[in-house]
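Grab a pencil and have a go at these exercises. Try each task yourself before you read its solution.

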Amino acid sequence: MEKLVIIPTYNEKDNIRQIIGAVFSLQQDFHVLIVDDGSPDGTGSIVKELQAQYPQQLFLEERKGKLGLGTAYIHGFKWALARGYAYIFEMDADFSHNPADLVRLHHACAHEGADLAVGSRYVKGGKTENWPWDRAVLSYGASIYVRFITWMPVRDATAGFVCYKRAVLEKIELDKIQFVGYAFQIEMKFTAWKLGFTIKEVPITFIDRKEGYSKMSKGIVKEGILGVLKIQWQSLFGK
């Protein structure tokens with residue numbers, strides 16, 4: 001009950017079997033929690049089938065309707081804390097995050113003094129592959145924008161490949177986290193930083209998904225732009 005990988009899903013039937021197998025193939029005692037938002041493509045049913053193969057390692061929480069990335073992770077965080085996990089991970093289902101890097105994120109928290117380890121595209125050694133130019137520009141521009149507005153010393157604030165020590169999630173008032181899209185990732189890191197926790201960026205190679213489709217939308221981008229301004233405003237004025 002030490003390490004839990006939380007993977008939110010919505011219509012990931014093309015990836016879910018392979019990503020779960022890849023995590024368990026590491027043989028590093030990771031457990032996996034899938035938080036599925038009622039995927040109409042049957043993602044949840046595939047996970048239920050796999051639970052017979054991994055009865056003590058694979059868990060499924062099903063929610064009704066597409067409720068958003070942030071609320072899926074909050075649901076998973078609370079589930080993990082209630083069961084005593086020491087290290088809690090965020091990871092995408094689509095192989096844009098290499099499961100092998102879970103070991104490096106855990107090492108940063110367990111042995112290198114980090115309270116929160118971020119799989120980063122924008123530190124030395126990090127990179128992206130197979131991204132369209134507009135997505136690459138948007139992502140890198142967002143990283144610069146976040147640092148400029150918040151002054152947070154994190155180069156990849158929108159990253160969704162993260163390891164938290166239990167103490168970080170216990171300290172954050174999870175019910176007060178406001179955002180559900182990519183601004184959620186920024187808000188969580190910003191809150192942890194403001195609470196005095198140590199953040200370490202671990203270089204990774206981020207590879208664009210090969211199966212399924214991206215959940216990026218104009219609404220998510222807008223939330224990110226305005227959300228950064230909002231959390232800094234609230235921070236400066238004591239909320």
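This is a predicted model: local features need pLDDT of at least 70, side-chain atom pairs count only at pLDDT 80 or more; totals for chains, interfaces and linings use all residues.

Residues are numbered from 1 along each chain as its sequence is written, and side-chain values use heavy atoms, with hydrogens and water left out.

**Exercise 1. Work out how the rings of F77 and Y164 are arranged.**

Step 1: Start with the rule. Rings of Phe, Tyr and Trp (its six-membered ring) pair if their centres lie within 6.5 Å; planes under 30 degrees apart are stacked, over 60 edge-to-face, and the rest tilted. The count by this rule is 9 aromatic pairs.

Step 2: Apply it. The centres of F77 and Y164 are 5.4 Å apart and the planes meet at 70°, so you've got an edge-to-face pair.

Step 3: F77 sits in helix α3 (residues 69–82) and Y164 in strand β7 (residues 162–165), so the pair ties together parts 87 residues apart in sequence. Helices (H or I, at least four residues) and strands (E, at least two) are DSSP runs, numbered from the N terminus.

Step 4: Look around. Ring pairs join F77 and Y164 with Y73 and F184 in a cluster.

**Exercise 2. Find which side chains R121 meets, and how.**

Step 1: Here's the idea: side chains of opposite charge can pair when their charged atoms come close. A salt bridge needs a side-chain nitrogen of Lys or Arg within 4 Å of a carboxyl oxygen of Asp or Glu.

Step 2: R121 and D156 pass that test at 2.7 Å, N to O. D156 is in the loop between α5 and β7, while R121 is in the loop between β5 (116–120) and β6, 35 residues apart.

Step 3: Check the cover. Buried means under 20% relative accessible area, exposed over 50%, and partly exposed in between (1.4 Å probe, protein chains only). D156, at 0%, is buried, and R121, at 8%, is buried too.

Step 4: A 3.1 Å polar contact links the side chains of T158 and R121. Such a contact is a pair of N or O atoms within 3.5 Å; within protein, one must be able to donate a hydrogen and the other to accept it, and residues adjacent in sequence count only if both atoms are side-chain atoms.

**Exercise 3. Decide whether K127 and E129 are buried, partly exposed or exposed.**

Step 1: K127 has 43% relative accessibility, so call it partly exposed.

Step 2: E129, at 30%, is partly exposed as well.

Step 3: Their side chains form a salt bridge of 3.8 Å, N to O.
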